[in-house]
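These are my notebook entries on what I looked up in one structure.

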Amino acid sequence: VMAVGDVALAGGGGDYPSMTRAIPGAKEGAHRWLENVAPVLQQGDFTMGNLEGVIGDASLVRSDGKAGTGAGLIRMAPEAADVLKQAGFDLMCLANNHTMDYGNDGMIQTVTHLERVGIVASGGGRNTEEARRPAVLERDGVTVAVLSYSSVFMPGLFPCGENKPGIATVSVSTSYELPGNVTYAPGAPPRIVTTAKREDSEKMEDEVWRAKARADVVVVNWHWGLTRYANSFGSGLPIEDSLFYVLGYQEDMGRAAIDAGADLVVGHHPHALQGIEVYKGKAICYSLGILTMPFLMGANFGESTVILKGHIDRTTKQLTKVTLVPAIVPPENVQPRVAPPDEAHAIVTELNHRSRKYGVTFRLEGEEIAIA
């Protein structure tokens with residue numbers, strides 16, 4: 001199993017970058033944005049990423065439902081599906097805060113174009129049945145089921161319905177507790193308490209349990225957490241000075257997914273690399289960062305990212321270990337590339353820092369990062 005974080009092939013204003021160079025070893029017409037990492041992605045038997053946006057033609061009408069959130073709208077041309085397939089992707093997660101940017105028609109076109117090239121969609125679809133069912137992939141007698149959820153979405157517009165296109169969601173409530181020393185230290189920030197809606201949490205756990213009953217390995221993708229931009233938008237701080245951190249509900253839901261039978265939890269949305277927890281011997285990756293999002297050039301989200309490798313024993317059909325391929329997303333062109341040793345060591349240091357809360361450490365073994 002190979003997994004990456006956020007993937008978009010669109011420039012500012014939804015413009016699709018021109019396809020000018022081919023990915024080495026791939027079919028003609030592959031996009032230059034992924035040429036440096038395609039050889040790695042193509043190694044996977046089950047390669048997945050989070051599709052950050054809509055794939056559709058210029059006839060799509062933008063949704064007004066996100067006005068005032070500070071978030072943009074993302075549309076990629078139909079050829080983006082071909083590029084993703086040629087780069088090595090087998091599955092794309094649609095459960096996120098951009099898949100409904102162009103309403104129901106945008107979702108339908110996105111699923112249709114992915115199906116056209118043989119990429120499986122997870123977490124989004126034409127109705128509830130499509131959006132919430134596990135996407136099952138099979139290779140050499142090994143089955144992997146993938147469930148995808150988003151806790152970042154516009155109520156009403158984004159969730160799927162019996163006859164409504166949309167995404168699989170888990171709602172979260174937020175409350176704020178004043179610190180005890182606020183009278184002594186005016187301006188001390190409140191403690192943020194986040195809790196997943198119980199009904200949604202139980203539904204997720206049941207879906208994971210059912211998926212595990214029919215597949216050897218279950219992967220849960222989750223679009224969650226905060227970006228530096230969101231904190232900057234709320235606090236007034238510059239993006240580079242804005243904090244981003246794992247929220248309580250993420251830890252609760254990641255562990256609940258493992259308890260229900262998931263073998264791996266892959267997070268995205270913060271647009272930066274975050275910590276990894278090992279819970280009951282299984283990895284919860286809170287954010288793998290960005291693989292590529294051209295419209296974020298120079299946005300100070302950080303250059304570090306990783307390509308996750310989940311190694312499956314073909315005899316036992318169990319996921320036995322997780323390693324990471326360190327990569328860099330240069331802010332000047334946002335074309336991801338595998339990190340050389342000096343940059344890879346810096347990524348190891350970053351992972352160790354962000355994962356220290358969970359007691360997890362990492363080390364560089366050859367060209368990959370291993371859990372120590």
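I began with Ser287, which counts as buried at 1% relative accessibility, where buried means under 20% relative accessible area, exposed over 50% and partly exposed in between, with a 1.4 Å probe and protein chains only. Ser287 sits in the loop between β16 (282–285) and β17 (290–292); helices (H or I, at least four residues) and strands (E, at least two) are DSSP runs, numbered from the N terminus. I looked up what Ser287 touches beyond four places in sequence, and found Gly267, His268, Pro270, His271, Ala272, Leu273, Gln274 and Gly275, a contact being heavy atoms within 4.5 Å. From Ser287 to His269 the C-alpha distance is 7.0 Å, although 18 residues separate them in sequence.

I note for later reading that this is a predicted model, in which local features need pLDDT of at least 70 and side-chain atom pairs count only at pLDDT 80 or more, while totals for chains, interfaces and linings use all residues. Residues are numbered from 1 along each chain as its sequence is written, and side-chain values use heavy atoms, with hydrogens and water left out.

Next I turned to Thr99, in the loop between β5 (91–93) and α3 (103–117). Thr99 is buried, with a relative accessible area of 0%. With neighbours within four places left aside, the contacts of Thr99 include Leu51, Gly53, Phe158 and Ile167.

I then followed helix α8 (residues 341–355), whose 15 residues reach 21 Å from first C-alpha to last, close to the 21 Å expected at 1.5 Å a residue; the expected span is 1.5 Å times one less than the number of residues. Its buried residues are Ala344, Ile347, Val348, Leu351 and Ser355. Seen down the axis of α8, these fall within an arc of 105°, so they line one face of the helix, the arc being that of the directions from the helix axis to the C-beta atoms. On the face turned away from the buried side of α8 I found the exposed residues Asp342 and Thr349. Among the elements that cover the buried residues of α8 are β15 (276–279), β19 (318–328) and β22 (368–371).

Last, I checked Ile119, in the loop between α3 and β6 (120–122). Ile119 counts as buried at 2% relative accessibility. Beyond four places in sequence, Ile119 touches residues including Ala81 and Leu84, both of which I also find among the buried residues of helix α2 (residues 79–87). Just after α2, Gly88 takes a positive phi of about 120°.
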